[in-house]
Amino acid sequence: MSGCVTYIPVEEYTMARAAHEAARDADALRYAPSLWYNAEQAYREGTKSFKDRSYSSAKYSFEQAKIFAEQAENAARVARAGAGDVVP
């Protein structure tokens, strides 16, 4: 008897969500819109794939979303600092 174990990317989902929220809190939509858009798109694709139980695709999308969101957050913080905004 053999069983098939499916990897469910819960950790990737959680990390992507945290990075997404941090980018949003850093005002990435305003200061790094292209990176924010990429992060948002990848996160939505990951969420859809996760709900559709296409876990391999979801894992990849969440990993991409995390990368883009982290880049968006960093770019937004640098841009805000350069503009003299208070950066939390």
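Modeller: Let's start with charges: Lys and Arg are taken as positive, Asp and Glu as negative, while His and the chain ends are left out. Each charge is placed at NZ of Lys, CZ of Arg, CG of Asp or CD of Glu. On that basis, the mean positions of the 11 positive and 12 negative charges of the protein chain are 4 Å apart.

Colleague: Good to know. What kind of model is this?

Modeller: This is a predicted model, in which local features need pLDDT of at least 70 and side-chain atom pairs pLDDT 80 or more, while totals for chains, interfaces and linings use all residues. Residues are numbered from 1 along each chain as its sequence is written, and side-chain values use heavy atoms, without hydrogens and water.

Colleague: How many helices and strands does the protein chain have, and what makes a run count as one?

Modeller: Helices are DSSP runs of H or I with at least four residues, strands are runs of E with at least two, and numbering starts at the N terminus. The protein chain has four helices and zero strands, giving the pattern α-α-α-α.

Colleague: What length is expected for helix α3, and what does it reach?

Modeller: The expected span is 1.5 Å times one less than the number of residues. Helix α3 (residues 33–51) has 19 residues and reaches 27 Å from first C-alpha to last, close to the expected 27 Å. Its buried residues, among them Trp36 and Tyr43, pack against α1, α2 and α4.

Colleague: Why is Glu73 called buried?

Modeller: Buried means under 20% relative accessible area, exposed means over 50%, and partly exposed lies in between (1.4 Å probe, protein chains only). Glu73 has 16%, so it counts as buried. Glu73 sits in helix α4 and, leaving out residues up to four places away in sequence, touches Ala22, Ala23 and Ala26 (contact: heavy atoms within 4.5 Å).

Colleague: And why is Ala23 called buried?

Modeller: Ala23 has a relative accessible area of 0%, so the cut-off makes it buried too. Ala23 lies in helix α1, and its contacts beyond four places in sequence include Trp36, Ala69 and Glu73.
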